[in-house]
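Biologist: Hi! Could you walk me through how the helices and aromatic rings sit together here?

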Amino acid sequence: MSNRIGRLRGCVCIIPECGKPAKKMAFCENHYMYYYRRGRIKSRKHGMYGSIEYTVWLGLKIRCFFKRSASYKRYGGAGIIMDIEWYCSFKRFFEDMGKRPGLNYQLDRINPKGNYIKENCRWLLTSLNRNRRYETDPF
């Protein structure tokens with residue numbers, strides 16, 4: 001199974017009442033343009049819109065797949081992508097990663113060169129994650 005988004009089949013727009021095929025960032029063409037113009041989309045499918053976990057998930061998608069993102073070069077541009085099931089569903093991401101343990105935790109990739117997949121991600125204290133970043137990040 002490939003993790004490349006361009007080869008997706010069966011993903012639909014993340015807006016619950018839409019149902020159209022997902023084209024970009026898990027949105028149909030119309031909702032993507034709405035997101036692009038306003039910078040956000042309101043989806044209440046899972047009841048967690050605006051939660052920190054939802055914000056982290058959306059941030060992953062943006063830095064891995066949205067070429068206009070300031071972080072794209074270091075993530076998506078460097079070949080780092082997220083799990084296909086996470087990409088299609090925040091609910092799946094939340095089932096795998098769970099609730100953030102506390103305010104001072106960030107999502108961390110165990111192998112900094114690996115993809116955002118369940119086996120390579122964990123919640124890590126911000127202070128520890130910051131130390132790891134300086135050890136592994138040449139930027």
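**Helix packing and ring pairs**

Modeller: Happy to! Helices α2 and α4 are roughly perpendicular to each other, because angles of 65 to 115 degrees get that label. This is a predicted model, where local features need pLDDT of at least 70, side-chain atom pairs count only at pLDDT 80 or more, and totals for chains, interfaces and linings use all residues. Residues are numbered from 1 along each chain as its sequence is written, and side-chain values use heavy atoms, leaving out hydrogens and water.

Biologist: At what angle do α2 and α4 pack, and how far apart are their axes?

Modeller: α2 (residues 52-65) and α4 (residues 90-97) pack at about 115 degrees, with axes 10 Å apart. The axes are lines fitted to C-alpha atoms over the stretch in contact, and angles run from 0 to 180 degrees between N-to-C directions.

Biologist: Which residues meet there?

Modeller: E53, Y54, V56, W57 and L60 in α2 meet F90, F93 and F94 in α4 (contact means heavy atoms within 4.5 Å).

Biologist: Switching to rings, how many aromatic pairs are there in the whole structure?

Modeller: A search finds eight aromatic pairs, with ring centres within 6.5 Å (planes under 30 degrees apart are stacked, over 60 edge-to-face, the rest tilted). The Y54 and F90 rings have centres 5.3 Å apart and planes at 65 degrees, so that pair is edge-to-face.

Biologist: Is Y54 buried or exposed?

Modeller: Y54 is buried, with a relative accessible area of 4%; buried means under 20%, exposed over 50%, and partly exposed in between, using a 1.4 Å probe and protein chains only. F90 also counts as buried, at 4% relative accessibility.

Notes:
Helix = DSSP H or I, 4+ residues; strand = E, 2+ residues; numbered from the N terminus. Parallel < 35°, antiparallel > 145°, perpendicular 65-115°, else oblique. Phe/Tyr/Trp six-rings, centres within 6.5 Å; stacked < 30°, edge-to-face > 60°.
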